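Please examine the nonpolar and aromatic side chains of the protein shown here. The report below describes how they are arranged.

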Amino acid sequence: FLFYKELGFKDVRFYDKSFDEWARSDQGQTLALENFVFGGDALSAKDSLGPKFLNQKQVKELQAKGAVVVDIRHEGDYKVGRIPDSVNIFWRDSVDQNGRLKDAAELKALFAKQGVTPNKQVVLFGRGGLQLAQSFVVLKLLGYNNVYAFEGNWDGWVNPAYGPAKKG
């Protein structure tokens with residue numbers, strides 16, 4: 001945005017949903033992590049090892065029953081807009097400076113600090129791809145049995161910069 005202004009463009013506007021809408025195109029969601037891939041038909045298979053993707057209504061229903069939504073995006077993104085009552089645990093915080101997975105005790109403490117414990121249902125919210133796959137695998141390795149992913153976009157959620165979403 002500012003780049004175009006600096007170049008002299010006068011009619012430049014910021015559309016804060018643009019990347020979110022682009023990232024969630026109608027091509028379907030495929031997630032991958034080296035040696036761990038799930039996507040396409042595998043996600044809807046009864047015995048799928050990948051996360052079940054939930055829509056907004058399903059996320060709200062789980063939250064009402066005590067599920068915790070973990071926003072795995074960067075803290076800056078979380079501050080700009082998020083799912084109400086979610087907690088922020090940046091996905092990169094699960095690895096060290098060399099990109100290696102931290103030890104189990106450290107990871108458990110990272111999640112527990114935000115109230116995310118193995119006895120709770122967990123819904124991951126991120127941009128998909130590596131972030132979501134990494135977080136899903138980490139939680140499964142730590143013994144979390146009920147891990148889901150939110151497949152939707154920002155419509156209807158909160159954006160602190162602009163206030164709550166407007167109906168209608």
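The text that follows treats the nonpolar cores, then the aromatic rings.

This is a predicted model, in which local features need pLDDT of at least 70, side-chain atom pairs count only at pLDDT 80 or more, and totals for chains, interfaces and linings use all residues. Residues are numbered from 1 along each chain as its sequence is written, and side-chain values use heavy atoms, leaving out hydrogens and water.

A nonpolar core is a set of buried Ala, Val, Leu, Ile, Met, Phe, Trp, Tyr and Cys residues joined through side-chain atoms within 4.5 Å; buried means under 20% relative accessible area (1.4 Å probe, protein chains only). The largest such core has 20 residues, of which V70, F111, V116, V122, L124, L139 and Y144 touch the most other members. At least two residues each come from β4 (68-71), α6 (104-112), β6 (122-125), α7 (129-141) and β7 (147-150). Helices (H or I, at least four residues) and strands (E, at least two) are DSSP runs, numbered from the N terminus. Helix α7 gives the most to this core, with four residues. Another core, of 10 residues, lies apart from it and includes L62, A67, I83 and Y148.

Rings of Phe, Tyr and Trp (its six-membered ring) pair if their centres lie within 6.5 Å; planes under 30 degrees apart count as stacked, over 60 as edge-to-face and the rest as tilted.

| Pair | Centre to centre | Angle between planes | Type |
|---|---|---|---|
| F111 and Y144 | 6.2 Å | 55 degrees | tilted |
| F125 and F150 | 5.7 Å | 45 degrees | tilted |

F125 in strand β6 and F150 in strand β7 are 25 residues apart. Both F111 and Y144 are buried, as are F125 and F150.

Key:
Buried < 20%, exposed > 50% of the residue type's maximum accessible area, 1.4 Å probe, protein only.
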